[in-house]
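These are my notebook entries on one protein model. I looked up its loops, helices and sheets in turn, and then the protein as a whole.

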Amino acid sequence: MPSKKALVRRPSPRLAEGLVTHIEREGIDADLAVEQWEAYVTALRAHGWDTIEVEPADDCPDSVFVEDTVVMYRNVALIARPGAESRRAETAGVEEAVAGLGCSVNWIWEPGTLEGGDVLKIGDTVYVGRGGRTNAAGVQQLRAAFEPLGARVVAVPVSKVLHLKSAVTALPDGTVIGHIPKMDTPSLFARFLPVPEEAGAHVVLLGGDKLLMAASAPKTAELFSDLGYEPVVVDISEFEKLEGCVTCLSVRLRELYT
């Protein structure tokens, strides 16, 4: 049976110390960040998602970006080994959470690195960004974990953004969406729709035709509305200052065994 559970993690008090790689550092309003996070969680709940709060990791500035710590395929949780060494302490609490949900738990081992933001699943196709945070050994280990379960793993070069899902996500019908200036190989995707704003490339599928997306992409929201989708808009400006987007603030578990 399909499930609608989402892991989330409260922002660390040290959020302002979070890593930035491809953008200039800006000041973070920590109080506003907490308000935005709470509104994001409320939006998930309002659309039928059961949110599960992972134990906070206050000493880990980037821990709110919980998606980077684990990759789900069916009932299997692959615990990441972040390419950023400072983020590796984030995985323990997430491992405990997915184990508590009855998931089968696997791990990425040294020398592999993998972050969940580099993984885009469309049906049984698993695209994996190969770039700064995920290396070849990490891709190989993900392939070894998921291909026996029926996945088709496709490596995608990533050099212009932090993670693959910083550049592309997908609509409910499987069409990949992306902002072309941030993509390495748009031609890799057979069904592709360019969007006019960088933040418009990021959507979370809430169910049906509803798309959770950032308030910073109004032109893309209008495009999606014209295509028959219903944008559900949240302001995540403080997280965008740290290269965050709507996908990385939660881990969606859609195929848990019940």
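This is a predicted model: local features need pLDDT of at least 70, side-chain atom pairs count only at pLDDT 80 or more; totals for chains, interfaces and linings use all residues.

Entry 1, a loop with a proline. I located Pro111 in the loop between strand 5 (104-107) and strand 6 (119-122). Helices (H or I, at least four residues) and strands (E, at least two) are DSSP runs, numbered from the N terminus. I noted that the peptide bond joining Glu110 and Pro111 is cis, with an omega of about 10 degrees. For context, most peptide bonds are trans, and most residues other than glycine have a negative phi.

Residues are numbered from 1 along each chain as its sequence is written, and side-chain values use heavy atoms, with hydrogens and water left out.

I looked up Arg74, which is not a glycine and yet has a positive phi of about 55 degrees. Arg74 sits in the loop between strand 3 (70-73) and strand 4 (76-79). With a relative accessible area of 31%, Arg74 is partly exposed; buried means under 20% relative accessible area, exposed over 50%, and partly exposed in between (1.4 Å probe, protein chains only). I then turned to Glu243, also not a glycine, whose phi is positive at about 65 degrees. Glu243 belongs to the loop between helix 5 (237-240) and strand 15 (251-253). Is Glu243 buried or exposed? Glu243 counts as buried, because its relative accessibility is 14%.

I listed the buried residues of helix 3 (residues 136-146) as Ala137, Gly138, Val139, Leu142 and Phe146. Their cover includes strand 3, strand 4, strand 6, strand 7 (125-130) and strand 8 (152-157).

I found an open sheet of 3 strands in the order 6-7-8, with mixed pairing; two strands pair if DSSP finds at least two bridges between them. Strand 6 and strand 8 are at the edges with a single partner strand each, so one side of each has no neighbour in the sheet. From one strand to the next, the twist averages 25 degrees. Strand 6 and strand 7 run antiparallel and are joined by 4 bridges, and Ile122 stands opposite Thr125 in strand 7. Helix 3 packs on this sheet and touches strand 6, strand 7 and strand 8, where contact means heavy atoms within 4.5 Å. The direction of helix 3 makes about 165 degrees with that of strand 7. Axes are lines fitted to C-alpha atoms, for helices over the stretch in contact, and angles run from 0 to 180 degrees between N-to-C directions.

I traced 3 strands forming an open sheet in the order 9-10-11, with mixed pairing. Its edge strands are strand 9 (168-170) and strand 11 (192-194), each pairing on one side only. Strand 9 is joined to strand 10 (residues 176-178) by 3 bridges, and the two run antiparallel. Val168 stands opposite Gly178 in strand 10.

I recorded 5 helices and 15 strands. Of the 258 residues, 53% count as buried. The C-alpha atoms fill a box of roughly 40 × 40 × 40 Å, taken along the principal axes.
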